[in-house]
Amino acid sequence: KGISALLMCCTHKQCSLKKAGQVLFCPCHRSEFDIQGKVLKGPATKDLQNLVVKEDELKVYIYLK
């Protein structure tokens, strides 16, 4: 399946997200996202940013946009 990465920054007001089980939540305004980055609960209306991940035999590279 490979490796995926999300920018752990709320799309509402850019607060750092926390993980609680299978949910990522914003402690600032209580937005919630699933572990694929889809909005579950607002006030955020945009999904989290997916980062480009590439792997070779020994390293994993994560590219910031």
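Predicted model: local features only at pLDDT ≥ 70, side-chain atom pairs only at ≥ 80, totals over all residues.
**Exercise 1. Sorting the cysteines**

*Solution.* 
- Step 1: A disulfide is a covalent bond between two cysteine sulfur atoms.
- Step 2: find the pair. The structure has one disulfide, and it joins cysteine 15 to cysteine 28 with an S to S distance of 2.2 Å. The cut-off here is 2.5 Å.
- Step 3: look at the geometry. The torsion about the S-S bond is -105°, and the link of cysteine 15 and cysteine 28 is left-handed.
- Step 4: see what gets linked. Cysteine 15 belongs to the loop between β1 (5-6) and β2, while cysteine 28 belongs to the loop between β3 (23-25) and β4; they are 13 residues apart, and the pair links distant parts of the chain.
- Step 5: compare the two ends. Cysteine 15 is buried at 15% relative accessible area, whereas cysteine 28 is partly exposed at 42%.
- Step 6: Cysteine 9 is partly exposed, with a relative accessible area of 23%.
- Step 7: Cysteine 26 is buried, with a relative accessible area of 1%.

**Exercise 2. Where the cysteines meet the core**

Which residues form the largest nonpolar core, and what does cysteine 15 touch?

*Solution.* 
- Step 1: name the core. It has nine residues: Leu6, Cys10, Cys15, Leu17, Leu24, Cys26, Phe33, Ala44 and Leu48.
- Step 2: zoom in on cysteine 15. Leaving out residues up to four places away in sequence, cysteine 15 touches Met8, Cys9, Cys10, Cys26 and Cys28.
- Step 3: Of the 65 residues in the protein chain, 23% are buried.

**Exercise 3. Tracing the strands**

How many helices and strands does the protein chain have, and how do the strands pair?

*Solution.* 
- Step 1: count. You get zero helices and seven strands.
- Step 2: order the open sheet. Four strands line up as β2-β3-β4-β5 with antiparallel pairing. The edges are β2 (18-20) and β5 (39-41), each pairing on one side only. Ignoring direction, neighbouring strands of this sheet are turned by 35° against each other on average.
- Step 3: check one pairing. β4 (residues 32-34) and β5 are antiparallel over two bridges, and glutamate 32 has lysine 41 in β5 as its bridge partner.
- Step 4: move on to β1. Two bridges join β1 to β6 (residues 50-55), again running antiparallel; alanine 5 has leucine 51 in β6 as its bridge partner.
- Step 5: finish with the hairpin. β6 and β7 form a hairpin with four residues between them. β7 (residues 60-63) pairs with β6 in the antiparallel sense over four bridges, including the one between valine 52 and tyrosine 63.

**Exercise 4. Leucine 58 and the overall span**

Is leucine 58 buried or exposed, and how far is it from threonine 11 in space?

*Solution.* 
- Step 1: locate leucine 58. Look in the loop between β6 and β7.
- Step 2: classify it. Its relative accessibility is 79%, so leucine 58 counts as exposed.
- Step 3: compute the separation. Leucine 58 and threonine 11 are 32 Å apart from C-alpha to C-alpha and 47 residues apart in sequence.
- Step 4: get the overall span. Along its principal axes, the C-alpha trace of the protein chain covers about 40 × 25 × 15 Å.
- Step 5: check the contact ranges. Among contacts between residues at least 6 apart in sequence, 29% join residues at least 24 apart.

Technical notes: Residues numbered from 1 in each chain as written. Heavy atoms only, no water. Core = buried A, V, L, I, M, F, W, Y, C linked by side-chain atoms within 4.5 Å. Buried < 20%, exposed > 50% of the residue type's maximum accessible area, 1.4 Å probe, protein only. Contact = heavy atoms within 4.5 Å. Pairing = 2+ DSSP bridges. Axes fitted to C-alpha atoms, helices over the stretch in contact; angles between N-to-C directions.
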